[in-house]
Number of protein chains: 2
Amino acid sequence: MKKILVLGAGLVARPLVNYLLDQAAMTVTVADQVFEKARALVVNHPSGTALELDINNQTLLKETVSRADIVISLLPWVFHPKIAELCLEYGKHLVTASYVKDEMRAMDAAAKEKGLIFLNEIGVDPGVDHMSAMQVINRIKDAGGTIVGFHSYCGGLPAQENNNNPLGYKFSWSPEGAMLAATNDGRYMKDGQVIEVPGNQLFEHYWLVDIPGAGAFEAYVNRDAIPYREIYGIESTANMCRGTLRNIGYCETWDFLKKLGMLNRNMKFDFSEVTPRQVIADIINSTGENLKKEVAAYLKIPEFALTIKKLDWLGLFDDKKLDIGTCSVFDMFAHTLQNKLIYLEGEKDLLIQHHEFTAEYPDHKKEKVTATLINMGIPGGDTSMSRTVGLPVAIATKLIAEGKIDLTGVHIPVVPEIYEPVLAELKTLNIAFTERKTELTDSANTV
Amino acid sequence: MKKILVLGAGLVARPLVNYLLDQAAMTVTVADQVFEKARALVVNHPSGTALELDINNQTLLKETVSRADIVISLLPWVFHPKIAELCLEYGKHLVTASYVKDEMRAMDAAAKEKGLIFLNEIGVDPGVDHMSAMQVINRIKDAGGTIVGFHSYCGGLPAQENNNNPLGYKFSWSPEGAMLAATNDGRYMKDGQVIEVPGNQLFEHYWLVDIPGAGAFEAYVNRDAIPYREIYGIESTANMCRGTLRNIGYCETWDFLKKLGMLNRNMKFDFSEVTPRQVIADIINSTGENLKKEVAAYLKIPEFALTIKKLDWLGLFDDKKLDIGTCSVFDMFAHTLQNKLIYLEGEKDLLIQHHEFTAEYPDHKKEKVTATLINMGIPGGDTSMSRTVGLPVAIATKLIAEGKIDLTGVHIPVVPEIYEPVLAELKTLNIAFTERKTELTDSANTV
């Protein structure tokens, strides 16, 4: 009987816990600082235990880790170094869906020495993206090909029928993270040149992508893609880009929202005294008499522009006070987004992952290969986001428990020993990629 | 055995002809100027006959009409007065999906006298819109209610998964009709005031609509809604609007396309000599060196605006000659749209019809009632457009043949004798409305 400890009972935990509880040779302890959240996940399952655990309670945390065989941390990444150290101390494997940072990377030798695997980045993005990309890359390499172009896209969006808002986006949790990411710098490679996209121009630097079977979308640069040339072993590629997918019209509007100061964390107001309308008027130095017209002029767009209608729809021109006290414009905007762009019970999300490779072969044949995952949430059940993040974590944990993954050290799932069995099992859970190949003629573009 | 004559074997004919061929007590003759098109519809069905018929061949047309019991005209409406006159002469019922114009209306008394029905506007829009609206309106009236607000929306769009273009639209046939309609004047009533929308501002005067179960859309004014207060017997309403549904971003872009002169039919070029790029440069009086930037400046939008990307995607900045000879910018643009925004084999369309009523009752209770049809094309089979246009025509024809509709004169389907059985039969064919009711409090808006 392998004992699995799941730290954190948040939004992506349910499909993960259910998957592990379904395994015969396992017990699962779910620990959360809110006992009810943990209990709701294990319900009365005979192999499941719920535990109230404050992560800062070092004694209880140690005791809990020491009793497990494998620890899964769904906590924010800041806690991972601490958890990893305990795993080293007590000799436990660790699985997370988070990016590997320096502190984690530094434990590689120690983990190896103790015969442990610390497997990270095995959610959806990062995670499924790595696995599906590496599967195609290695297949192309095995066939004698060289990767000369690679674009990788990912987006979590509302399913079209639940996309009942003009911004084309919904939040599964608080919007602050996405709002902060809206000023991330980006970097990618195009025709051998490194292109830098400063955060303040992030949404001016977008392009259109056709996702076969899903429709047309916008993509903007997802942080720094350059390191992935090395991580994926495709130093040959002259084109390397990672993009975030959004519905058409997203980038232009978010650029205008930024220009209008909606992400300003320094400018504060007492929202029990002033309304969003008054704040907007204040920001653009207007009397507010003809606010829409003046905002349009401020943004240098026509009054009938879609962005003005979206601002209106969000309630930013409303003359109603908000019950949020004194806070920044950023906080007020986060509050607005959270109220207007939220998934309701029974609504479905849509997770898209799409890779485009250009491969060259020794006979000068060139081909474009695409691999596309289009996954929808289960109405009334788990979201696609929670399934595509949680299930790879769960599957990898099972494979480690069964000894089918027996690597040691700090890993991400870019090696066949990990990605092959995980992708095969995901397929049985209806999380599968569709691949398409086209031979490219000389005039066709490299991605 | 009733003999049905179908004039025209165009895009909406297939489901109609198939429905009629499935009826036991009917023979169906399909006549088209292209024999193959007619033959493809009847195939080898024992009750079906294909006929080559040039509509200007008066002798053959007369002979063909004289042999039928009911004539269905799917021809352009300009032919309908001529067909209707032959129907009067030979004593035949007539069914069309076209709007009733004065020439048709003028035959009302003559048709009545001969015991004939000339039933028009029984496609989808007009057609299904009338029927579904009248069913709700009469139900509200029967319950003692008064209609004080009515918005009606219709849109034929690509299904999301086949919406693989940033313009969010595809054409089932040539784009000229839609391009001409882009300059239609519009008229509607808001809070008792008539609002006129001049054609050149059509796409500046749009708003956002949430269609339950389909998503968020834009709507712009669909011609003159005022006459429908009388046609629908709701002179009580202070709000009356008919809108066309399009995907988000459509109106802004089409407004810019108009401002850029893409609908100009006077400006002509020899496209074997000049490219779209040169034409655009010529229109905005630019050297074309930095065309995107200059077009953006001309339209007073940022260079990163979505509209610029859409123009680029359409190929309007391409420096390639087109094989269309000398023609207007309008023709060049139609050619471009037809090449880029076309349904491919296996792609699905989506037909949405959505009504929003506000009803007031004697006890001052106010309610909002919506009726929504969301219909998808059958992959590899009939489009939603052809089914929702063709099937009501076919069903009405069958009901006339069976004597179950026995009205005489010129009609549109706003009376229960027509809409009740037709809507009931459409439901069995999966073309059905979902109704929703909400009681309105005083602060809630009237539609």
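**Notebook: rings and the A–B contact**

I began with helix H10 of chain B, where B:Tyr250 and B:Trp254 are four residues apart, so about one helical turn separates them. The model I am reading is predicted.

I looked up how their rings sit. B:Tyr250 and B:Trp254 form a stacked aromatic pair, 5.7 Å centre to centre with 25° between the planes. I then checked accessibility. B:Tyr250 is buried at 5% relative accessible area, and B:Trp254 is buried at 3%.

Next I searched the whole structure for ring pairs. I found 28 aromatic pairs over all chains. In A:Phe304 and B:Phe256, the ring centres are 6.2 Å apart and the planes meet at 45°, so I logged this pair as tilted. This pair crosses between chains: A:Phe304 lies in the loop between helix H12 and helix H13 of chain A, and B:Phe256 lies in helix H10 of chain B. A:Phe304 is buried at 10% relative accessible area. B:Phe256 is buried too, at 2%.

In chain A I noted a cluster linked by ring pairs; A:Tyr250, A:Trp254 and A:Phe333 are among its members.

Then I turned to the contact between the chains. Chain B gives 32 residues and chain A gives 32 residues. About 2500 Å² is buried between them, with 64% from carbon and sulfur atoms. On the chain B side, B:Gln160, B:Phe304 and B:Leu306 lose the most area, together 25% of what that side buries.

How many salt bridges are there between chain B and chain A? I counted zero. I did count twelve residue pairs in polar contact. The chain B side has 15 nonpolar, eight polar and nine charged residues.

Technical notes: Residues numbered from 1 in each chain as written. Chains lettered and ligands numbered in written order. Predicted model: local features only at pLDDT ≥ 70, side-chain atom pairs only at ≥ 80, totals over all residues. Heavy atoms only, no water. Contact = heavy atoms within 4.5 Å. Buried area = accessible area lost by both parts, 1.4 Å probe. Salt bridge = Lys/Arg side-chain N within 4 Å of Asp/Glu carboxyl O. Polar contact = N/O pair within 3.5 Å; in protein donor to acceptor, adjacent residues only side chain to side chain. Nonpolar A, V, L, I, M, F, W, Y, C, P; charged D, E, K, R; others polar. Phe/Tyr/Trp six-rings, centres within 6.5 Å; stacked < 30°, edge-to-face > 60°. Helix = DSSP H or I, 4+ residues; strand = E, 2+ residues; numbered from the N terminus. Buried < 20%, exposed > 50% of the residue type's maximum accessible area, 1.4 Å probe, protein only.
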